[in-house]
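Colleague: I have a new model open and could use a quick tour. Can we go through it together?

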Amino acid sequence: MNAILKYFLENPLEAVGTTLSLIFIYLSVNEKVALWIFGFFSAVCYVVVFFQSKIYAGLTLQFYYIFISIYGFYNWKFGKTENTENQLIITKTKANQWIVFAVSAVLIFFAYFIVLKRFTDSQVPFGDSFATALCVVATFMLARKLLENWLIFIIADSFAVGLYIYQGLYITACLFAVYTIMGVLGYFRWKKSMI
C-alpha cells in the first residue's frame with residue numbers, strides 16, 4: 001500500500017488526471033453533459049504527463065480533447081435533433097459515417113506514425129499512433145452521441161493498457177483498464193436506452 005501512495009505522491013498530475021478521467025467515464029456512461037467539463041480538465045493534466053513520458057501522439061490527443069470537450073458540451077447541450085426537446089439523442093452510426101470514420105482513422109494513424117518515426121524520439125510510434133487515431137474518431141463519435149463510439153473506445157482503451165504499462169504510467173494503465181470495462185457497460189446501457 002505504501003508503494004501505491006508513494007507513486008501517487010510522486011506523480012500528482014497523473015493521479016489528478018486519472019481521477020478526473022474516472023469521473024468523465026462514469027458521466028459518459030450515464031449520459032450526463034457534465035462529462036465534458038471533467039474531460040477538459042483531465043486533458044489539461046495529461047498534456048504534461050504525456051509530454052514528460054514522450055507519448056507525443058497522446059499529447060496532441062489531449063489538445064484535441066480540450067477542444068472536443070468544448071464542442072461536445074455545446075453539442076450535447078444545444079445540438080437537438082427534431083425528435084428531442086432538451087438534449088441530443090443517441091443514434092446508430094450510418095454506413096456512410098463508418099466509411100468516413102475508417103478513412104479518417106487510417107489517415108490520422110499514418111500521419112502520426114510518419115511524424116513520430118521521423119521527427120521524434122518516441123519509443124512507441126506505432127502504438128501511440130494507433131491508439132490516438134482510434135481515440136480521435138471515437139471521441140468525435142461520442143460528441144455526436146453515436147452508440148458505436150463505445151466499440152471503438154473498447155479497442156483503443158484495451159490496446160492503450162499495454163502501451164501505458166510499457167511507458168511506466170501505471171495509474172494511467174489502470175485507468176484505461178477501467179475505461180475498457182466501462183466501454184462495455186456504456187455500450188449496453190446506451191443501447192438499452194435507445195429502445
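Predicted model: local features only at pLDDT ≥ 70, side-chain atom pairs only at ≥ 80, totals over all residues.

Colleague: Where does Glu31 lie?

Modeller: In the loop between H2 and H3. Its backbone deserves a look too. Phi of Glu31 is near 55°, a positive value, and Glu31 is a residue other than glycine.

Colleague: What about Lys54? Which loop is that in?

Modeller: Lys54 sits in the loop between H3 and H4. Lys54 is not a glycine, yet its phi is positive, about 60°.

Colleague: And is Lys54 buried, partly exposed or exposed?

Modeller: Partly exposed, because its relative accessibility is 34%. Exposed would need over 50%.

Colleague: Which residues lie nearest the centre of the largest one?

Modeller: Ser21, Phe24, Ser42, Tyr65 and Tyr179.

Colleague: Now the second largest cavity. What volume does it have?

Modeller: About 80 Å³. It is lined by 14 residues, and Leu61, Ala131, Cys135, Tyr164 and Phe176 are the closest to its centre. H4, H6 and H7 are the elements that give two or more residues to this lining.

Colleague: Switching to packing. Which residues touch the most other members of the largest nonpolar core?

Modeller: Phe50, Trp76, Leu142 and Tyr164, out of 56 residues in that core. H2, H3, H4, H5 (95-119), H6, H7 and H8 each supply at least two residues of this core. H6 gives the most to this core, with 9 residues.

Colleague: What does Phe50 touch, not counting residues up to four places away in sequence?

Modeller: Phe50 touches Ile55, Gly58, Leu59, Gln62, Tyr164 and Leu169. Tyr164 comes up again there. It is among the residues closest to the centre of the second largest cavity.

Colleague: Next, Phe153. Which helix is that in?

Modeller: Helix H7. Phe153 is buried, because its relative accessible area is 10%, while the cut-off is under 20%.

Colleague: And which residues is Phe153 in contact with, leaving aside neighbours within four places?

Modeller: Cys135, Ala138, Thr139, Leu142 and Ser158. Leu142 is one of the core residues that touch the most other members.

Colleague: How far apart in space are Phe153 and Pro125?

Modeller: They are 19 Å apart, C-alpha to C-alpha, and 28 residues apart in sequence.

Colleague: Is Leu116 buried or exposed?

Modeller: Buried, because its relative accessibility is 3%. Leu116 lies in helix H5. Beyond neighbours within four places in sequence, Leu116 is in contact with Tyr56, Ala57, Ser122, Pro125, Asp128 and Ser129.

Colleague: How far is Leu116 from Gln62, in sequence and in space?

Modeller: Leu116 and Gln62 are 54 residues apart in sequence and 16 Å apart in space, taken C-alpha to C-alpha.

Colleague: One more. Is Thr172 buried or exposed?

Modeller: Thr172 is buried, because its relative accessible area is 0%. Thr172 lies in helix H8.

Colleague: With which side chain does the Thr172 side chain make a polar contact?

Modeller: With the side chain of Tyr46, at 2.9 Å. Leaving aside neighbours within four places in sequence, the residues in contact with Thr172 are Glu14, Thr18, Tyr46 and Tyr164.

Methods:
Residues numbered from 1 in each chain as written. Heavy atoms only, no water. 1 Å grid on protein atoms, 1.4 Å probe; cavity = no way out; pocket = protein on both sides within 12 Å on 5 of 7 lines; lining within 4 Å. Points joined across faces, edges and corners; volume = space filled by probe spheres on them. Helix = DSSP H or I, 4+ residues; strand = E, 2+ residues; numbered from the N terminus. Core = buried A, V, L, I, M, F, W, Y, C linked by side-chain atoms within 4.5 Å. Buried < 20%, exposed > 50% of the residue type's maximum accessible area, 1.4 Å probe, protein only. Contact = heavy atoms within 4.5 Å. Polar contact = N/O pair within 3.5 Å; in protein donor to acceptor, adjacent residues only side chain to side chain.
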